[in-house]
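Here is a friendly walk through a protein model. Keep the structure in view as you read.

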Amino acid sequence: MTTFESEIKTIPANIGRIYATLSDLNNLERIAGNLPQDKIKDLAYDTDSCSFSVQPIGTVSFRIVDREENKTIKFGTEKSPVDCFFWIQLLPNGEQESKMKLTVKADLNPFIKGMVSKPLQEGLNKLADVLAAITY
């Protein structure tokens with residue numbers, strides 16, 4: 001498995017509010033307009049899952065497989081060209097500030113790894129920026 005990690009982001013909000021927002025994927029509606037429309041298409045979601053199309057990968061579907069209140073939200077792929085796990089890690093940094101890091105672990109063969117590593121890392125950092133910019 002290849003691991004990709006976002007930069008650690010500081011969010012000016014209470015960890016409980018951040019967790020409550022991010023652990024219900026219906027809240028993706030709040031960020032849909034901030035996602036790069038030229039790269040992410042066909043976004044669909046419900047409380048526990050989301051799917052989207054992204055070039056050059058294709059359609060990807062994630063489902064929340066574990067929630068640890070105010071700490072982590074773990075996702076597994078349901079539909080993806082490669083097996084992949086994604087999680088959001090949260091850490092309080094005072095009463096009204098929190099830290100967040102996104103991690104992806106993907107089962108990439110050397111050929112695919114060369115093609116998707118840079119776009120995946122860039123996409124992960126962009127997603128971290130978008131999630132950090134939400135008003136919680």
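What follows starts with the model itself, then moves to the core, a helix, some strands and the cysteines.

This is a predicted model, so to speak of local features takes a pLDDT of at least 70 and side-chain atom pairs count only at pLDDT 80 or more, while totals for chains, interfaces and linings use all residues. Residues are numbered from 1 along each chain as its sequence is written, and side-chain values use heavy atoms, with hydrogens and water left out.

Let's begin inside. In soluble globular proteins, nonpolar side chains tend to be buried together. The largest nonpolar core here has 35 residues, and Ile-88, Met-100 and Leu-131 have the most contacts inside it. (Such a core is a set of buried Ala, Val, Leu, Ile, Met, Phe, Trp, Tyr and Cys residues joined through side-chain atoms within 4.5 Å; buried means under 20% relative accessible area, with a 1.4 Å probe and protein chains only.) The elements giving it two or more residues are α1 (15–22), β4 (49–54), β5 (58–68), β6 (72–79), β7 (84–92), β8 (98–106) and α2 (110–133). Helices (H or I, at least four residues) and strands (E, at least two) are DSSP runs numbered from the N terminus. The largest share, six residues, comes from α2. Beyond its neighbours within four places in sequence, Leu-131 is in contact (heavy atoms within 4.5 Å) with residues including Ile-11, Ile-88, Met-100 and Tyr-136.

Now look at α1. Its buried residues are Ile-15, Ile-18, Tyr-19, Thr-21 and Leu-22. They sit on the same side of α1, because they cover an arc of only 165 degrees around the axis, taken from the directions from the helix axis to the C-beta atoms. Among the elements covering them are β2 (9–11), β7 and α2.

Next come the strands, where pairing takes at least two DSSP bridges. β4 and β5 run antiparallel, joined by six bridges, and Phe-52 stands opposite Val-60 in β5. β5 also pairs with β6 in the antiparallel sense, over seven bridges. These two form a hairpin with three residues between them, and Asn-70 in the turn has a positive phi of about 60 degrees.

Finally, how many disulfides does a search of the whole structure find? It finds zero, a disulfide being a pair of cysteine sulfur atoms within 2.5 Å. The sulfur of Cys-50 is 11 Å from the closest cysteine sulfur, in Cys-84, so it is too far for a bond. Cys-50 counts as buried at 11% relative accessibility, and Cys-84 counts as buried at 9%.

Conventions:
Buried means under 20% relative accessible area, exposed over 50%, partly exposed in between (1.4 Å probe, protein chains only).
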